[in-house]
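Please keep the viewer open as you read.

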Amino acid sequence: MSKMADRYENQAPEKLQGKYQAMVVCCILGIGSLVSWNSMLTIADYYYQVFPDYHPSRVLTLVYQPFALGTIVILAYHESKINTRKRNLIGYILFTISTFLLIVLDLATKGRGGIGPYIGLCAVVASFGLADATVQGGMIGDLSLMCPELVQSFMGGLAVAGALTSALRLITKAAFEKTNDGLRKGAMMFLAISTFIEFLCVMLYAYVFPKLPIVKYYRRKAASEGSKTVSADLAAAGIQNQSDLLLDYSVQTDDDSKNQRLSNKELLIQNIDYAVNLFLIYVCTLSIFPGFLYENTGQHGLGAWYALVLVAMYNCWDSVGRYTPLVKWLKIENRKLITIAVLSRYLLIPAFYFTAKYGDQGWMIMLVSVLGLTNGHLTVCILTTAPNGYKGPEQNALGNLLVIFLLGGIFAGVALDWLWLIGKKNAF
């Protein structure tokens, strides 16, 4: 054990073995935290065929968000007492079961529409909301007490999920388009792949991630600073003795000082600009994506492919935007500059309105790309900059608080998305 202690005392965390493996695992876990929901959005063309009168892309998003937001508020309030390992595993298992249930529901109803199957679909989507809040808050809180690259990799994974689902959707649509019941077959294949990815995430988080050296290092560090949320993960990595934690991490503090931390209220006051900016980013994005793209862009040369192409472009550029902060001179760390950038995105709303009315599909694709790129870039800039300078328990709490505002912004954006239908014939 003393050899282990010497190793961790004499080695900078950036050089610890397992950093790149941890980044890859975080990216896959990020994919898993959004691939099920993105699957729902990306096969919306199938649900529009089955439920043509129920506005699937708008209604399902509106069902999803209250459950996600309500759950994250409760979990963030009790964050310091929650077993993070159990929380994240429950979230990924719930994602796996819910995605599989979508396949079961479709097979049981034989792909027929109607209010009964639609209510069943809404119930599964509600469980996605519960799982999303459980995983996103838990993972971002957990990774916030580690190095910024791991948060960035997880957030990058969220966008990769979108790009991956869009690519798969275009492939399955092309493969099955001319076959009997092709749209349904493509959607089912899609959901089967998503179910497998969710199961893979359960295995990775349970057996691989906690045993990586860099992850153990930061969790020891957090435990030495008074964090109780990491104890189960440390136990899974074979570290159970609290005195061992203090020996393994070179900074030792007395019991009184190590347990002192800023309250959630104090953390929020100090970071209110980051929180509000996250909220505003997602209000802007979700007021346009995906409902406006499916229902308000008119008819163009791409026909039934048009909405899928727009969603694919958004997801691809969102993915790129989440990796651009790795380029040091592109990363925005100045708080005022972040605020200016966030507010300037609201010029996109009138731009989308006039482009849908007067522009062609090339301009619309360009606007969607800008929407995705700025969404990803600014999100990662905030989530990797905000936790700097805080102790482990505070970083975990701040990560959870920021996710509340992120999901709150999504909820508000989804609600505002309905305003595009005002004045439209046969809108309701």
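Predicted model: local features only at pLDDT ≥ 70, side-chain atom pairs only at ≥ 80, totals over all residues.

Among the elements of the chain, which has the lowest mean pLDDT and which the highest? Helix H1, covering residues 2-9, has the lowest with a mean of 42, while H17 has the highest with 95. Over residues 1-11 the pLDDT is below 50, and this stretch has 16 contacts in the model beyond near neighbours in sequence.

Across residues 243-256 the pLDDT stays under 50, and the model has 25 contacts beyond four places in sequence for them. For the chain, the mean pLDDT is 81, and 84% of the residues reach 70 or more.

**The overall picture**

The chain contains 20 helices and 0 strands. It has 428 residues, of which 58% count as buried. If we take contacts between residues at least 6 apart in sequence, 84% of them join residues at least 24 apart. The chain exposes about 17,800 Å², and carbon and sulfur atoms supply 66% of that area.

**Charge pairs**

| Pair | N to O distance |
|---|---|
| Asp-106 and Arg-184 | 2.6 Å |
| Arg-335 and Asp-273 | 2.7 Å |
| Arg-322 and Asp-318 | 3.2 Å |

Let us start with the salt bridge between Asp-106 and Arg-184, at 2.6 Å from N to O. Asp-106 sits in helix H5 (residues 84-109) and Arg-184 in helix H8 (residues 182-208), so this pair ties together parts that are 78 residues apart in sequence. Both Asp-106 and Arg-184 are buried.

Next comes the salt bridge of Arg-335 with Asp-273, whose closest N and O atoms are 2.7 Å apart.

**A closer look at H16**

Helix H16 runs over residues 306-323, which makes 18 residues. From its first C-alpha to its last it reaches 27 Å, close to the 26 Å expected at 1.5 Å a residue. Besides Asp-318 and Arg-322, its buried residues include Tyr-306, Leu-308, Leu-310, Val-311, Tyr-314 and Asn-315. Ala-307, Ala-312, Ser-319 and Gly-321 are also among the buried residues of H16.

**Cysteines**

The structure holds 0 disulfides. Cys-27 is in no disulfide, and the nearest cysteine sulfur, belonging to Cys-26, is 8.8 Å away. With 15% relative accessibility, Cys-27 counts as buried. Cys-147 is likewise in no disulfide; the nearest cysteine sulfur to Cys-147 is that of Cys-26, at 8.2 Å. At 7% relative accessibility, Cys-147 counts as buried.

Methods:
Residues numbered from 1 in each chain as written. Heavy atoms only, no water. Helix = DSSP H or I, 4+ residues; strand = E, 2+ residues; numbered from the N terminus. Expected span 1.5 Å × (residues − 1). Buried < 20%, exposed > 50% of the residue type's maximum accessible area, 1.4 Å probe, protein only. Salt bridge = Lys/Arg side-chain N within 4 Å of Asp/Glu carboxyl O. Contact = heavy atoms within 4.5 Å. Areas by Shrake-Rupley, 256 points an atom, 1.4 Å probe, with all protein chains shown as cover. pLDDT = per-residue confidence, 0-100. Disulfide = S-S within 2.5 Å.
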